[in-house]
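Please look over the sequence and the model shown below before reading on. The report then takes up each chain in turn, and after that the place where the chains come together.

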Amino acid sequence: MAQWVQACSVDDIEEEDLIRFDHGGRVFAIYKSPEGEFYATNGICTHEHAFLSDGLVMGEIIECPKHNGRFNYKTGAAKGAPVCINLATFSVKVEGDAVFVDVALP
Amino acid sequence: MNGGMVILGAGECGTRAALALREMGYQGTIDLIGDERYLPYERPPLSKSVFGANDAGAKFITSVEQLTETRIRHRSGIIARSIDRQQKSVQLSDGSSLHYDKLLLATGARPRKLAQDGIELAGLYYLRNMDDCVALREQTGPGTRLLVLGAGFLGLEIAATARARGASVTVVEAQPRILMRGVPEPIASVIAERHRVEGVDIQCGSKVSRIETGRGGAEIALEDGRILAGDLLVASVGAIPNCELAVAARLAVNNGILVDAHLTTSDRDIFAAGDCCAFPLASQDGRIVRLEAWRNAADQSAVAAANMLGESRVYGAVPWFWSDQYDLTLQVAGLADPDLSMVRRDIGDSAFLLFHLDTSGRLIAASGIGIGGAVARDIRLAQMLIARGAHPDPDELARPEARLKAMLGR
């Protein structure tokens, strides 16, 4: 069952950027695409412990700050060495100015 | 007899090249030859997490399943004895030989060993591979007096991790400060201060006159007469590229196996990549450099693999290094030569960046230090600016509010 939590407001993230969102002992990453759409993934790289919120968003790619591993943040897909495990993704919805993430475990 | 792809060296570079060949659709045989008896693993953690925890195993780059699935023949625990360029074959230490269509030398580098009176010193520790790490780890615990010779990235990472293991640590460096090579003074001084706070004794400008090792431990006598005593001594005084096979095969070698921008050696069927090769650095007008860096090894593996398959890709990546010590992370993009002018940008109270510009105002390098990933994004953007040959406004670089990403867009 969905478990919607308010993560931030729409203006908290610049376009083509992301922020870190902590909830219930878990770290998420919330993205705003260059087109202004919102996405969410697990906030920690699948290769080595690093917060993706310190990384760089380019188009639909998030690049890990530690070793430049790349993921498509819309799908979670790992995009080549050194990362080979996909990122978990989470549903996002916008109501008014608020951005909500469904933090329910799959 | 037709040969396939043969890769000498099963470290980061060789292993990633083997995987890349398959990803690029190559159907023939791939032989990956490595002298270690383990599956290919990542070296950077050996001075950090793997040294830090007694039960930590190697961080593997691949798995038996993946090697089987991709039909890569990983032959561990053997080395190549010689290359026959006429026959296009490699003779291995188990007596067998392999024919190659294309050969990749990814032989890496080895620690520079200390000698005294013309003889290599026994009883010292080095850190390059998993066995070295386990040996050092077993001897380094609470109260161990560890002497570290050399205050480069490796020596300082060993010092930081040894402190976390409860050892008392003295670092001896002949240069007037730590990290003389490639790290600007303001950043080196942040790191030196942090080591001091953590209780590491760093002795810079200390020239060694004599080293004694024995059952009782290790002793360093300095030229100024002081004697430093410890239980063990780990030497981290640089690395030597593994070029012997290339030299014996009469390939061009000069502090590394010489390659062109396509990573081709002086034999067009033989490529070299990673720590063992000396290559033209695109972002600095093609000057020849040799890098000992994880990222360089990984990036070059992909270019070498493509070119082994007949492409003509140019290696154009801007160098990128990092070091983790305590909770500090240092990152450098480009090669920060000391004669470049420097612009500083502060990020909050505990992190800053230094941009290094040449006399024309072109951005050549950027370095930064902070807690965790504080500088990572800006260093990555700087790396992209360097790759484009950008001439950013120094006043803008100094202003924390001015976005580097915006400079990239111009």
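## Chain B as a whole

Chain B has 410 residues, and because a compact globule of that length would have a radius of gyration near 22 Å, the 22 Å found for chain B agrees with this expectation; the radius is taken over C-alpha atoms, and the globule rule is 2.2 Å times the number of residues to the power 0.38. This is a predicted model, in which local features need pLDDT of at least 70 and side-chain atom pairs count only at pLDDT 80 or more, while totals for chains, interfaces and linings use all residues. Residues are numbered from 1 along each chain as its sequence is written, chains are lettered from A and ligands numbered from 1 in the order in which they are written, and side-chain values use heavy atoms, with hydrogens and water left out.

Along the principal axes, the C-alpha atoms of chain B fill a box of roughly 65 × 65 × 40 Å. Chain B contains eleven helices and 26 strands, where helices (H or I, at least four residues) and strands (E, at least two) are DSSP runs numbered from the N terminus. Of its 410 residues, 54% count as buried, a word that here means under 20% relative accessible area, with exposed meaning over 50% and partly exposed lying in between (1.4 Å probe, protein chains only). Among contacts in chain B with a separation of 6 or more, 59% involve residues 24 or more positions apart, a contact being heavy atoms within 4.5 Å.

R16(B) lies in helix α1, which covers residues 12-23 of chain B, and it counts as buried because its relative accessibility is 10%. Leaving aside neighbours within four places in sequence, R16(B) is in contact with residues that include A81(A) and P82(A) as well as E42(B), I61(B) and S301(B).

G77(B), by contrast, sits in the loop between β3 (72-76) and β4 (80-84) of chain B, and it is partly exposed, with a relative accessible area of 45%. Apart from neighbours within four places in sequence, its contacts are G34(B), D35(B), E36(B) and R37(B). The C-alpha atoms of G77(B) and I33(B), which are 44 residues apart along the chain, are separated by 8.2 Å.

## Chain A

Chain A has zero helices and ten strands, and its C-alpha trace spans about 40 × 30 × 20 Å along the principal axes. With 106 residues, a compact globule would have a radius of gyration near 13 Å, and the 13 Å of chain A agrees with that. Of these 106 residues, 48% count as buried. Among contacts in chain A between residues at least 6 apart in sequence, 42% join residues at least 24 apart.

## Where the chains meet

How many residues of chain A are in contact with chain B? There are 20 residues of chain A in contact with 20 residues of chain B. The two chains bury about 1600 Å² between them, 45% of it on carbon and sulfur atoms, where buried area is the accessible area (1.4 Å probe) that two parts lose on being put together, summed over both. L56(A), K66(A) and N68(A) supply 31% of the area that chain A buries against chain B, more than any other three residues.
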